[in-house]
Amino acid sequence: MSARGRLHGAIDVVVTEVVELNSLIKRFHFARPDGKPLPAFSGGAHIIIQMQDGDTLRGSPYSLSSSPLDTRDYQVSIRRDDQGRGGSLYLHREVKPGMKMSITHPSNMFALDKRASRHLMLAGGIGITPFMSQTAQLAQMPGVHAELHYGMRSRELGVYLEELASRLGSRFHVYADEDNEQIDYDRLLSSQPAGTHLYVCGPSPMIDLVLRKSAEHGWPDNHVHYEHFAKASSGEPFNVELRASGKTIEVGAEQSMLEAIEAAGVDAPYLCRGGACGQCETRVLSVDGELLHEDHWLEDDEKASGEKIMPCVSRCRGTVVLDR
Ligand code: FES
């Protein structure tokens with residue numbers, strides 16, 4: 001991706017609709033300019049939306065919230081993050097119907113396990129979005145049991161409540177903090193028939209709690225699925241030497257290391273751009289300063305060794321030399 005380039009394999013789309021769902025969340029619709037269907041995807045998939053925000057080129061991951069059965073458009077529902085480095089703010093402020101944009105092909109790190117006959121889904125806040133595409137997919141799979149428990153700060157900030165209620169009926173449960181309603185994780189996780197698969201998406205503390213409790217209740221790891229994307233945060237600018245490419249670049253305050261590498265014209269692998277898939281793992285040759293690891297991929301001892309970094313979300317204080 002050059003400074004004004006594009007993500008490799010990107011698809012050109014046009015914004016066909018922007019819908020304000022509540023005071024914080026908007027839904028964006030993307031379609032091909034020629035109206036042909038977009039590539040197929042499965043429930044839980046995400047795309048990377050490329051954003052040219054002034055001189056800054058960003059690529060941020062968002063879950064698809066539309067139905068995999070209808071690829072005339074892709075829909076993503078995005079919460080405005082006033083503390084973020086600007087991706088959601090750009091989308092909320094600048095993106096209007098008719099705009100041309102680029103997105104990547106969908107990838108799925110949060111797919112339904114098709115061997116399961118029961119799915120227990122736990123969503124927190126904007127973590128509801130992958131469950132929208134998953135429940136749409138499940139609606140076409142009669143005989144498969146799915147129940148969804150959706151926690152939110154207030155009902156005003158909840159989205160798709162009516163749609164989910166009509167899809168899932170009494171298997172859809174809403175919990176609002178403002179009404180002192182909480183998901184009873186211990187009850188749910190201790191009362192599922194063997195063979196149930198568990199899915200969780202929401203804020204990090206919620207995911208951590210559910211993972212800890214599922215382990216306490218003896219859930220096998222391969223029955224527990226979670227989408228735990230870290231955010232590429234802003235921070236002090238720093239320098240990166242790309243030894244194999246013979247380039248030294250500066251990573252701006254609002255830019256991720258991966259975006260800076262791409263802007264320098266150096267190809268770098270990625271899949272999630274959220275510190276969760278391992279694709280962008282890069283060897284650190286030396287560091288003058290401190291590595292600031294933000295990913296959920298590397299083990300603690302790998303982070304402590306200082307030998308690897310995930311440039312999609314992690315930063316550095318000082319200068320780092322990478323084998324890239
Ligand atoms: S792209 Fe997935 S961990 Fe960096």
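**Entry 1: W297**

I looked up W297 and found that W297 is buried because 23 other C-beta atoms lie within 10 Å (buried means 20 or more such atoms within 10 Å, with C-beta atoms placed from the backbone). I noted that this is a predicted model, in which local features need pLDDT of at least 70, side-chain atom pairs count only at pLDDT 80 or more, and totals for chains, interfaces and linings use all residues. Residues are numbered from 1 along each chain as its sequence is written.

I placed W297 in the loop between strand 14 (282-292) and helix 7 (300-305); helices (H or I, at least four residues) and strands (E, at least two) are DSSP runs, numbered from the N terminus. Leaving aside neighbours within four places in sequence, I listed G275, A276, G278, E281 and M310 as contacts of W297 (contact means C-beta atoms, placed from the backbone, within 7 Å).

I traced an open sheet of 6 strands in the order 4-3-6-1-2-5, with antiparallel pairing (two strands pair if DSSP finds at least two bridges between them). Strand 4 and strand 5 (74-79) are the edge strands, each pairing on one side only. I then checked strand 1 (residues 11-20) and strand 2 (residues 25-31), which are antiparallel and joined by 6 bridges. For V19, I found R27 as the bridge partner in strand 2.

**Entry 2: domains 1 and 3**

I took domain 1 as 11-103 and domain 3 as 238-322, with bounds from an automatic or database domain assignment. I found 9 residues of domain 1 in contact with 7 residues of domain 3. Strand 4 (residues 56-63) gives the most to the domain 1 side, with 6 residues.

Terms used:
Two residues are in contact if their C-beta atoms, placed from the backbone, lie within 7 Å. A residue is buried if 20 or more other C-beta atoms lie within 10 Å of its own, exposed if 12 or fewer, and partly exposed in between; C-beta atoms are placed from the backbone.
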